[in-house]
Structure formats: structure tokens, C-alpha cells
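Visitor: Could you take me in for a close look at one part of this fold? I'd like the backbone details too, please.

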Amino acid sequence: MIRFAPLLALISFLFFQTCQAVLASQGEKHRRIVVLETMPTPAIQEYSRWFTWEMQNLGYSLETSEFVILNAQGSRKNAEALLRQYLQQAHPDIVVAIATLAAQAAQAVLPSQIPLVFALVTDPVGVGLVPAIGQASGTNITGRSYSVDKKVKFNIASRLARQVVDNRPVRFGYIASDYPSAQKDFAELNKAATSSKNIQFIASFFPYRAMPEGTTTMLDEVEKRAQSLSSQIDFWWEPTTPLAELNMYTRMLQKRGEKPVLCGGTVNAVKRGALFCMQPDFQAGGRETAVLVNSILSGQDVRTIPVVQATEYTFAINLTTALQLGIVIPSSLLQLAGKNHIFR
């Protein structure tokens, strides 16, 4: 996959050029909507797919609108270059940036008169997109913050882990790149751990490298650090990062780290054996972003729209892992997961 990254970038560029040629032959479209994706990870592409699907439901068909999807292949530099290239040829009515690097690139490139809606950004305040959550930015930027209340997630993990370790603080290993969402995620978790005194985090960070080119190098770092930390911890806690979405990340922790993954980063991690995960619902988020974009294209001033946090979540649990660990899952958590997200 890594060696074909340049080919993927070329395909994205050719797709963009083809769209432009088709549009030129068909005449002017009513709306130009650019979707700038940070990288081709499952979460980003699922979110993007549901966004596009709901936009079409709202009446933005190929006959009434121009949709251009640009994928930066994990590089902010690529994201800025792709967007600048598009701006040289057309004037979008709105840009939707999915994930942190794409949002930062769009903020740097877009003129202030073009609305920017971000999605799947864990810490939009910390990375400088907007001044606050729950308020309008007063600029051309608004969006949806992608994060789960860390206190809720932390309390669930503590409740389950204390069934296994009850005579001292539970020790979690946390291995991640210095990608912005991972740093914010860990800071909030570590703050909660310091307050509770029932949980400790032992973290190890390494430099983020653009994916997919840097994937193998980063996974090598995960393997090395998992082997080093495993003797110091009771469980693994997966970060909220693009790297942790990969199957190999969880497998690396399970195989090389020798300890169970208590808190997975994704539903797929739970399918592979992590005890539980709690993540925002990508379908709901993508559709809600489409509704937000529609309101702006219908005339609402982007400068007056508050930045909000995701409100719908997916909770998943692995009963086989619970049985192996000797952990009894409370009925309230089973109800929260529902039949579609209980795995064995």
C-alpha cells in the first residue's frame, strides 16, 4: 500500500481534472462543494460517504451541484497544494474539511469569504481553528468537534478494570504518534487519571509521519514501544488517531505488547479483541454535517453558527474478551451497545 501512495495521489489529481472537464462540457453548476479529506482511512471515508449521501437526499444531485473530493494522503502540504490548485480553476461555494490536517490546510489557504466547515476534528480549539466550542467563531469557519466525553469513557474503563486490579491503581499503556488528536486525547485522559488516583497512564509518543508512506515506520515504532512498556502496565488504551484505525495497530499491541487491549479506538478493534470502545457515530455525524452545510448554502451566515460537539455515539463490547479477563459486563453497558455492537 505504501509504495503506491504516489499513484493514489495521481489518481486523485486525474479525478479532479476529469470532473473539471465534464463540468466544462455540461455548463455551469449551481453549487460547487469541495470535500477535502486528510487521508484515506476508514473513519474519514465513511464520514465522507454519509455526508455526500445526505447532501444528495437534501437535493444536491449531480445535476444541480458540483462535488469535488480531494484526498491529501495524510499530508497537510498535499492538502494545501490540492486546494490551491482547485482555487486557481474554480470558486467553491463551500469547503468541507474532514479531520485535523485537512481543516488546518483549508484554514491556511481559503479566502475569508468562502465558508469552511470542519468535521472529525478532535480539538478544533487547540489547533487554532476556532476560539471555543458552543459558540460561533465570528469567522468563515464552523463545524463539528469529534470527541467523546473523556470522563464517561474513563469511568467505564475504571469500572471494568477495577474488577481485575483492585489493590492498586490500574496502569494503562498509551502508544501514539504526536498527531494533534492523540496529544489532546492523552492530555484529557491523564488529567482525569491524576484526579481519580485509581488509574495511571504510561505513555510513549513518536513523530507522526504522513500516511500511507509513513505507516510502516510508525507501526515499527508501536511494536518497539509495546515490547518495552508491556512489563509496566496492566492493559492497553488505544489512542484516537488515524494509525490506531488500522488492523495492524491492535494486532501489534496484542502480539508484541502481551497485555489485553481494554479500551479500543474503533469498533473494528473490539471485533479484533479489544474489550470495549466508545466513538462518535460516523453516519449520524456525516448526515448532520450535510444539514449544516445545507443551512449555509441556503443563506445562513457561517459566522453566526456555533461550533458543536458530536452528540451520537457508538458503544461496542467484546464478551469473549470479558470472559477471558474475568470481567462481568453490567447490563446497562450491554443495553448501551445493543445487539449490533456486542461481539464474541
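**Around strand S4**

Guide: Strands S4 and S5 (residues 141-145) run parallel and are joined by 4 bridges. Helices (H or I, at least four residues) and strands (E, at least two) are DSSP runs here, numbered from the N terminus, and two strands pair if DSSP finds at least two bridges between them. This is a predicted model, where local features need pLDDT of at least 70 and side-chain atom pairs count only at pLDDT 80 or more, while totals for chains, interfaces and linings use all residues. Residues are numbered from 1 along each chain as its sequence is written, and side-chain values use heavy atoms, with hydrogens and water left out.

Back to the pairing: Val-117 sits opposite Thr-142 in S5. Helix H4 (residues 100-109) packs on the sheet, touching strand S1 (31-37), strand S3 (94-98), S4 and S5; contact means heavy atoms within 4.5 Å. The direction of H4 makes about 160° with that of S4, using lines fitted to C-alpha atoms (for helices over the stretch in contact) and angles from 0 to 180 degrees between N-to-C directions.

Now for the backbone. Most residues other than glycine have a negative phi. Leu-120, which lies in S4 (residues 116-121), has a positive phi near 55°. Leu-120 is also buried, at 10% relative accessible area; buried means under 20%, exposed over 50%, partly exposed in between (1.4 Å probe, protein chains only).

Gln-73 has a positive phi too, about 55°. Gln-73 is in the loop between strand S2 (65-71) and helix H3 (76-89), and counts as buried at 5% relative accessibility.
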